[in-house]
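Biologist: Can you walk me through this one? I'm new to it.

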Amino acid sequence: MSTSERLALLGGTPVISKPFAEYQSMGKAEEEAVQRVVRSGCLSGFFGSPGPEFGGGPEVRGFEEAWTAHFGVAHTISVNSATSGLIAAMGAIGLSPGDEVIVPPWTMSASVAAPIFYGGIPVFCDIEAETFCIDPALVKTLITAKTKAIVAVNLFGHPARLAELRDIADTHGIYLIEDNAQAPLGSEHGRFSGTIGHIGIYSLNFHKHIHTGEGGMCVTNDDNLATRLRLIRNHGENCTEMLGGGAITNMLGMNLRMTEMSAAVGRVQLAGVDAHVEAREKIAHKLSAGLQGLAGLTPPVVRDGCRHNYYVWMMKIDEEQLGLSRALFSEALSAEGFPHATGYVAPLYRLPMFRERIAIGRDGWPFSLSERTYADLHCPVTEDMHNRRALLFEPCAYDLSDADVDNLIAAMRKVHAGRGQLNAHLSGA
Ligand SMILES: Cc1ncc(COP(=O)(O)O)c(C=O)c1O
């Protein structure tokens with residue numbers, strides 16, 4: 001056997017010998033945008049008092065207008081992170097202490113932390129095994145008189161069953177909040193993900209398809225929710241009179257405002273969003289096409305009528321069919337220079353905050369308001385994906401040429417073909 005056929009883990013030559021270039025979405029236009037703002041001397045245009053500047057300065061308002069037009073929504077409210085947007089959304093819908101919010105356990109922690117800030121009780125609902133998004137059939141079984149909202153996370157860039165979830169929410173008079181942090185141009189039957197729920201939240205943090213360093217956008221078609229989001233973003237308790245004599249009294253505001261510099265960068269990034277997302281999708285499509293038909297390995301599945309933005313490209317492993325453990329397959333893949341992770345985040349109900357039912361203060365608030373417990377919770381699909389099946393690659397982390405993607409394919413095919421070498425090595429043959 002030649003050294004190029006021998007697995008790198010067993011002393012052969014790795015397929016990929018140097019690290020890939022990092023993904024870079026910033027360019028000259030972003031640089032000029034920042035300079036324009038710095039020269040203006042106005043790095044934030046927000047005022048806390050009633051008036052046009054309650055909604056921010058010219059860059060913030062221009063960015064929001066452009067976002068509104070791009071996504072065809074009625075309102076966009078920029079914030080300083082998606083986490084802030086998720087928290088503001090919980091305040092906007094009037095979440096009350098003890099209210100329940102149905103959430104998936106396989107997501108970034110902010111999706112489930114957000115309700116807790118308002119005393120909400122996360123109720124975990126398992127995911128679908130194909131797209132890894134919340135399962136609407138299970139959501140229905142978890143709705144009670146206490147349920148106020150469902151959080152659908154469009155995980156890895158693939159939309160959850162959004163129209164179905166919106167129907168469920170409308171039927172029960174509750175809210176659908178979309179955590180669309182990973183799917184800026186995701187879509188379901190021609191409708192953008194993020195725009196199907198009552199509020200959709202986007203992330204503009206450094207790791208996303210487009211970014212402003214830190215940042216987030218909230219979209220909604222509901223005038224009342226938009227007003228509440230704007231108030232929460234900018235110390236709204238100071239100017240509820242702006243809405244006609246204190247029509248909104250249960251309002252506690254924060255400072256979740258985006259800077260003029262971030263917004264100026266965001267305007268340029270938004271103009272390039274199609275190209276940036278398409279480039280990530282192209283990498284993923286090529287990777288998936290090149291890795292079809294391998295026993296025990298299933299590349300991402302895209303549900304009919306959906307667009308997947310591939311913030312994460314996930315290969316699903318079946319250890320029995322593969323004839324190898326995920327851990328060993330992953331070790332051999334790393335030795336070939338294929339950057340990846342196994343598992344995503346551990347099911348969030350395993351966090352000490354849930355297991356021990358204590359989040360804020362000494363006395364277990366807000367869990368003290370609820371009978372729900374988490375220590376014995378087990379969402380089988382989530383556990384299976386995280387513990388045994390998921391192998392993740394991040395198209396948003398690298399700028400890859402076609403040759404680079406060919407090498408990724410070659411590396412995975414080599415390890416797949418070399419399973420016999422590994423097994424023979426393990427058995428001492
Ligand atoms: C699904 C999801 N929700 C929320 C967030 C939080 O985003 P931000 O960092 O903008 O607060 C992230 C960030 O990665 C995310 O992936």
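Modeller: The buried residues of H1 are Glu30, Ala33 and Val37. Buried means 20 or more other C-beta atoms, placed from the backbone, within 10 Å of the residue's own; exposed means 12 or fewer, and partly exposed is in between. Helices (H or I, at least four residues) and strands (E, at least two) are DSSP runs, numbered from the N terminus. This is a predicted model: local features need pLDDT of at least 70, side-chain atom pairs count only at pLDDT 80 or more, and totals for chains, interfaces and linings use all residues. Residues are numbered from 1 along each chain as its sequence is written.

Biologist: Which exposed residues are on the face turned away?

Modeller: That face of H1 carries Lys28, Glu31, Glu32, Gln35 and Arg39.

Biologist: What comes just after H1?

Modeller: Gly41, with a positive phi of about 80 degrees.

Biologist: Switching to the ligand, how many residues surround it?

Modeller: 14, and the closest are Ser81, Ala82, Thr83, Met108 and Ala181. A residue counts as near if its C-beta atom, placed from the backbone, lies within 6 Å.

Biologist: Which helices supply at least two residues each of that shell?

Modeller: H3 (82-92) and H4 (110-117).

Biologist: And the whole chain, how many helices and strands?

Modeller: The protein chain has 15 helices and 16 strands. Of its 429 residues, 48% count as buried.
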